[in-house]
Amino acid sequence: MNDGHEEAVTEAERKMQFLYALRSKGVTDKDVLGAMESVDRGPFIRGLFAGRAYEDMPLPIACGQTISQPSVVGLMTQALEVTPRDKVLEIGTGSGYQAAILSKLARRVYTIDRHRRLVHEARVVFEALDLNNITAITADGSFGLPEQAPFDRIIVTAAAEDPPGPLLAQLKEGGIMVLPVGQSDAVQHLIRVRKTAEGLEYDEMRAVRFVPLLEGLGKDT
Ligand code: SAH
């Protein structure tokens, strides 16, 4: 017998498991958990891997890129200490999932990707989910977004060897930037940079693996 009840329980269990995985990996901030509970990761993943949206793993998306692991999204978002007044810049829109989580916590989110196709597909999902405080732009994000600078928070979701200078310059005093640094084929580390009146303060978080931050616009595949 299937009265729909069984499926509903499964859905709730899946959500509980998803949140449990986040908590057990150190995502404990209740606002971040709330944002991640309210944004379904499913619509950001198309095709073959759609059924695995609620597992804590990175998955392939178009243009040879990846949607980050939910616990990494959670840890990066938590480290960013976003407040409701913040204007946030994300480099590396990818699927749009990270931007969607940020949109629940910030006033305004600008997100840039070098692949036009990814920006277009992310915009479609933002609209479908009624996330109307996100602006998605196709450009080389290493140069930031001078016309909207400075930003309270900046997050980079592709790995560079060092934090790009233009991004550091576009961070407000008192602002926080979170990004993976390291060579693309080696161990990378998430770092957090705080800009204070005295200068930049760095602290290193965990080891991660991200796709590289590349120059110029991408060829859509
Ligand atoms: N935040 C994404 C995952 C990003 S994957 C999500 O939530 O799904 C990294 C993305 O960075 C890729 O889509 C890649 O195209 C993009 N990228 C790499 N170098 C870039 C650059 N210089 N400027 C903008 N985007 C870049």
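Here's a short walk through the structure, from the whole chain down to a few of its residues.

First, some ground rules: this is a predicted model, where local features need pLDDT of at least 70, side-chain atom pairs count only at pLDDT 80 or more, and totals for chains, interfaces and linings use all residues. Residues are numbered from 1 along each chain as its sequence is written, and side-chain values use heavy atoms, with hydrogens and water left out.

Let's start with the overall fold. You'll find 6 helices and 9 strands in the chain; these are DSSP runs numbered from the N terminus, with helices being H or I of at least four residues and strands being E of at least two. The radius of gyration is 17 Å, close to the 17 Å that the globule rule gives for 221 residues, so the chain is as compact as a globular protein of that length. (That radius is taken over C-alpha atoms, and the rule is 2.2 Å times the number of residues to the power 0.38.) Along its principal axes, the C-alpha trace spans about 65 × 35 × 35 Å.

What share of the 221 residues is buried? Buried residues make up 49%, where buried means under 20% relative accessible area, exposed means over 50%, and partly exposed is in between, using a 1.4 Å probe and protein chains only. As for contacts (heavy atoms within 4.5 Å), residues 24 or more positions apart account for 55% of those with a separation of 6 or more.

Now zoom in on Ser68, where UniProt, in an unreviewed entry, places the feature "active site". UniProt positions are given in the numbering used here, feature names are shortened, and annotations may be inferred rather than shown by experiment. Serine 68 sits in the loop between β2 (66-67) and α3 (70-80). Setting aside its neighbours within four places in sequence, it touches Arg41, Met57, Pro58, Val73 and Phe210.

Step along into α3 and you're in a helix largely enclosed by the rest of the structure, because 10 of its 11 residues are buried. Among them are Pro70, Val73, Gly74 and Leu80.

Asparagine 132 and proline 70 are 62 residues apart along the chain, and their C-alpha atoms are separated by 22 Å.
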